[in-house]
Amino acid sequence: MTDMFVSLGNWNWLIFGFILMALEVLAPGVFLFWLGLAALLVGLISFAVAMSWQIQLVMFAIFAAAAVPVWRRLARPKPDATTSPFLNKRTEALLGREFTLEKPIIDGTGTVRIGDTIWRVAGPDTPAGTRVKVVRVDGANLTVAAA
């Protein structure tokens with residue numbers, strides 16, 4: 001068994017790395033790719049520096065263990081507040097916009113259609129069909145004023 005480890009050379013690491021990367025193509029999951037990359041790194045480093053098989057195995061283990069957090073950090077999508085500043089803040093996106101009342105505001109409440117949704121609005125009594133502007137939002141409650 002130790003003869004196998006002793007015979008681990010530069011080319012064996014490179015072949016092992018390419019085999020792992022080829023297996024990644026057959027069974028995608030992005031896990032074998034990083035192990036293959038670790039094996040390739042050990043193979044390339046062992047071309048430049050003569051090392052014992054124990055050091056080569058330790059380097060492979062370190063590179064493989066370090067690849068997982070590096071991959072998770074690189075693969076994590078970064079939220080971009082500039083492209084969707086109102087993501088999960090639907091009512092705040094309505095602030096300042098104008099809409100037409102679907103039902104009149106009577107006794108302080110009425111409705112307005114926004115897209116395919118009917119919203120309850122609060123404000124001064126106003127007849128249906130009047131343009132109103134959203135002046136305040138509180139949760140799902142919209143406060144409007146005449147536009």
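**Exercise 1.** Which residue takes a positive phi in the hairpin of strand 4 and strand 5?

*Solution.* This is a predicted model: local features need pLDDT of at least 70, side-chain atom pairs count only at pLDDT 80 or more, and totals for chains, interfaces and linings use all residues. Residues are numbered from 1 along each chain as its sequence is written, and side-chain values use heavy atoms, without hydrogens and water. Strands are DSSP runs of E with at least two residues, and helices are runs of H or I with at least four, numbered from the N terminus. The hairpin has 2 residues between its strands. Glycine 139 takes the positive phi, near 70°.

**Exercise 2.** Find how strand 5 (residues 141-146) pairs with strand 3 (residues 117-122) and with strand 4 (residues 131-138).

*Solution.* Two strands pair if DSSP finds at least two bridges between them. Start with strand 3: it runs parallel to strand 5, with 2 bridges. Next, strand 4 is antiparallel to strand 5, over 6 bridges. Now look at threonine 143 in strand 5. Alanine 122 stands opposite threonine 143. Arginine 136 also stands opposite threonine 143.

**Exercise 3.** Is leucine 44 buried or exposed?

*Solution.* First, locate leucine 44: it lies in helix 3. Then apply the cut-offs: buried is under 20% relative accessible area, exposed over 50%, partly exposed in between (1.4 Å probe, protein chains only). Leucine 44 has 53%, so it is exposed. By contrast, the buried residues of helix 3 include Trp34, Leu35 and Gly36. The buried residues of helix 3 pack against helix 2 and helix 4 (53-75), where contact means heavy atoms within 4.5 Å.
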